[in-house]
Amino acid sequence: MNKINLEEYLQKVKVIVPPSLGEAACEEKINFLNSIYLAHVKTFPYSNFELRKISKQHLLQRNSLSFFCYKNLLSEEPGGYCFQIAALLFDALSQLGYDVTFCAARVLLGATPNDHELLKLPPTHLVLTVQIDDQKFLLDPGLGSSAPRFPVPITGTNESISQNEDEYKFYSIDNVHVLEKKTRLGWFRLMQTDLVPISEKQAAMNLLKLGRHPAPIGIRDSKTVIGIITEHGRKSLIWDAQSKQLKYSANESTEYTQKTITSFAEGHQILATEFDIKHVSVEALEAYCTGSVPLPIKPWTINFPLDHFELNEMEKNLRPAF
C-alpha cells in the first residue's frame, strides 16, 4: 500500500517522536507506543458512514470500500471505520520501526465467543499487534468509544488491566482471545481474535467481504455509529434501526451523560461540536440513519450475460433508498 506522509500524520495527532527511537530501550519504545496510540484514538473518531452508504446500494452494483485511502483521514473530514483507522496506525508504526501486524477479528458486543451465528459472517473487524522485545501488545484503535485507551499487554491470563478509569481483560478461550471491558453492569465482551497475523491482501479481502456479504451485518445494515476516546473518557452517537432513536452518550471521569436526540439537526450539531465532523449535512445524517435497503419493485429476473444493459434494467427494478 502507499505510504502516508509520516510528518503530516504526526502533526495531525500532535506527537513528537523522541530522537533515536529505533535504538531506544524497550521501556522507552513501550512508553512512546502508549503515547502515539492514545493520540491516534483521540484524533480519529470511528464512524461507519461509508458502510451505511453502501448498504443502500444493490449488492451487484455496490461501491468498493476504501481500505488504504488516507486522504480523508488526514484531511478536514475526520472519521472512518475500523479497517481504515487500524491501517493508518499500522502504516505510521511501521514507518517508525515497530514490528506491527494485522489480525482479523470479530466484534462481539456481549455475544458468546465463537457463537454459531457470528461465525457465519466474515471477519468484520481488524486489530493490530506490536512486538517489542519479548513483550506483545494488542492495539484496537477502530473500536470507537469502547476502544482501549492504551495498547493491551498480551499475557494469556485473565487478570484485570487498569487504564486510568477503565478496566479491561484480554484472555484466551478455546482457539481465540477475547477482549472484555468492565462497565457499570459488569464485564462486557467486546471482540474476539485468533491473533494470527494476516497480510494486507487478506485484510483487504476481509473488507471486500464486509461490503459484499449477502446476509445482514449489523454494523453495515442496521446501525449508525460514531465514537471517540477523549482525554478522560469517551463519547458516542448511535442510531439503532430497531428503536429508531438517535442517542448521545458521554463518560468523562465520574460524570456520565446520556440523552435521546430529538432531531437530526441536533445530531448534526453534536457531530460538529463533539466529534469535529463538520462535513456531514443534516440531510446526509438522516439518510445514513433512516434510509432503507433497496427492495425490488417486482420479483427478480436476471438475463445473462450480465452486461451494462442488464445492470441498468436491474437498477430500474429497485425502489429508491437514499
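This is a predicted model: local features need pLDDT of at least 70, side-chain atom pairs count only at pLDDT 80 or more; totals for chains, interfaces and linings use all residues.
**The chain as a whole**

Let's begin with the overall dimensions. Along the principal axes, the C-alpha atoms of the protein chain fill a box of roughly 65 × 45 × 40 Å. A compact globule of 322 residues would have a radius of gyration near 20 Å, and the protein chain agrees with this because its own value is 20 Å.

How much of the chain is buried? Of the 322 residues, 48% are buried.

**A five-stranded sheet**

Now look for the open sheet of five strands, whose order is β1-β10-β11-β12-β13 with antiparallel pairing. Strands β1 (46–47) and β13 (255–261) stand at the edges with a single partner strand each, so one side of each has no neighbour in the sheet. As background, strands of a sheet pair through backbone hydrogen bonds, either parallel or antiparallel.

β1 and β10 are joined by two bridges in the antiparallel sense, and here Tyr 46 has Gly 227 in β10 as its bridge partner. From β10 to β11 there are seven bridges, again antiparallel, with Ile 228 opposite Lys 235 in β11. These two strands, β10 and β11, form a hairpin with three residues between them. Next, β11 (residues 233–240) and β12 (residues 245–252) pair in the antiparallel sense over eight bridges, and Leu 237 stands opposite Tyr 248 in β12.

Is strand β10 mostly covered or mostly open? Strand β10 (residues 223–229) is mostly covered, since six of its seven residues are buried. Helix α9 (residues 282–290) also has buried residues, namely Leu 285, Ala 287, Tyr 288 and Cys 289.

Strand β6 (residues 161–163) pairs with β7 (residues 166–173), and β7 pairs in turn with β8 (residues 176–183). The table sets the two pairs side by side.

| Strand pair | Sense | Bridges | Facing residues | Residue with positive phi in the turn |
|---|---|---|---|---|
| β6 and β7 | antiparallel | three | Gln 163 and Asp 166 | Asn 164, about 55° |
| β7 and β8 | antiparallel | six | Ile 173 and Val 176 | Asp 174, about 55° |

In the hairpin of β6 and β7, two residues lie between the strands. The hairpin of β7 and β8 likewise has two residues between its strands.

**Positive phi in the loops**

Most residues other than glycine have a negative phi. Ser 20 has a positive value, with phi near 55°. Where is the place of Ser 20? It is in the loop between α1 (6–13) and α2 (26–43). Exposed means over 50% relative accessible area, and Ser 20 therefore counts as exposed at 51%.

Leu 109 has a positive phi as well, near 50°. Its place is in the loop between β2 (99–107) and α5 (116–119). With a relative accessible area of 53%, Leu 109 is exposed.

**A buried alanine**

Finally, find Ala 92 in helix α4 (residues 82–95). Is Ala 92 buried or exposed? Buried means under 20% relative accessible area, so Ala 92, at 0%, is buried. Which residues does Ala 92 touch, leaving aside those up to four places away in sequence? They are Ile 4, Leu 6 and Tyr 9. Phe 188, by contrast, is 96 residues from Ala 92 in sequence and 30 Å from it in space, C-alpha to C-alpha.

How values were computed
Residues are numbered from 1 along each chain as its sequence is written. Side-chain values use heavy atoms; hydrogens and water are left out. Two strands pair if DSSP finds at least two bridges between them. Helices (H or I, at least four residues) and strands (E, at least two) are DSSP runs, numbered from the N terminus. The radius of gyration is taken over C-alpha atoms; the globule rule is 2.2 Å times the number of residues to the power 0.38. Buried means under 20% relative accessible area, exposed over 50%, partly exposed in between (1.4 Å probe, protein chains only). Contact means heavy atoms within 4.5 Å.
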